[in-house]
Amino acid sequence: MTKSKIAVVPGSFDPITYGHLDIIERACKIFDKVYVSVLRNSSKQGLFSPDERIDLISGVTKHLDNVEVVQFDGLLIDFCQQVKADAIIRGLRAVSDFEYEMQLTSMNRKLDSQIETMYIMTNNNYSFISSSIVKEVAKYGGKIEDIVPPLIEDALKEKFKEQ
Ligand code: PNS
């Protein structure tokens with residue numbers, strides 16, 4: 001029996017956008033099992049709590065039966081080892097992503113050379129989207145229906161109503 005291929009799609013997902021969802025859906029076609037792992041990015045301030053992010057990601061990935069959404073407080077590579085991942089999948093939007101992604105990949109490879117990092121080019125329709133931009137537009141009541149699923153749009157509206 002051949003071993004099933006396992007991927008981890010890591011991110012801060014604060015909140016998940018159509019750009020992330022596109023990468024997750026494409027990873028699901030290639031890998032037998034895909035863990036969407038919510039991790040801490042120490043250089044970013046969070047809007048949604050880890051539990052809220054998990055609920056939102058779970059809500060918009062319901063149609064994908066080989067996805068599991070997990071929160072992990074620690075190093076990405078430790079999570080990958082825990083779930084015996086073969087690969088880390090990241091989306092690449094533009095050249096501006098490259099430098100940070102190269103650092104991340106090189107460090108993760110240093111920590112564990114057996115786990116390969118692979119990049120999927122973001123769909124052109126979503127190459128300008130980031131969670132930070134979505135939050136900014138939502139905060140001032142701008143239109144975000146083309147860039148996040150309805151569940152996320154509602155959650156953002158609710159969040160900014162509370163603040
Ligand atoms: O969506 P993001 O914010 O670009 O994702 C970055 C993330 C969360 C994947 C990265 O910050 C991360 O891996 N955090 C967990 C701690 C860790 O392993 N840091 C990287 C060591 S090279």
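Predicted model: local features only at pLDDT ≥ 70, side-chain atom pairs only at ≥ 80, totals over all residues.
View 1. Residues are numbered from 1 along each chain as its sequence is written, and side-chain values use heavy atoms, with hydrogens and water left out.

**View 2. Polar side chains at the ligand.** An N or O atom in the side chain of S12 is 2.6 Å from a ligand oxygen atom, and for K44 the corresponding distance is 2.7 Å. A polar side-chain atom of R90 lies 3.0 Å from an oxygen atom of the ligand. Of the 540 Å² that the ligand exposes when taken alone, the protein buries 83%, with areas computed by the Shrake-Rupley method using a 1.4 Å probe.

**View 3. The kink in helix 4.** Helix 4 has a kink of about 30°, centred on E101, the bend being the angle between axes fitted to the seven residues ending there and the seven starting there. Its buried residues are D97, E101, T105 and N108, where buried means under 20% relative accessible area (1.4 Å probe, protein chains only). These buried residues of helix 4 pack against helix 3, strand 4 and strand 5, with contact meaning heavy atoms within 4.5 Å.

View 4. K135 is placed in helix 5 (residues 131–139), and at 17% relative accessibility K135 counts as buried.

Conventions:
Helix = DSSP H or I, 4+ residues; strand = E, 2+ residues; numbered from the N terminus. Buried < 20%, exposed > 50% of the residue type's maximum accessible area, 1.4 Å probe, protein only. Polar contact = N/O pair within 3.5 Å; in protein donor to acceptor, adjacent residues only side chain to side chain.
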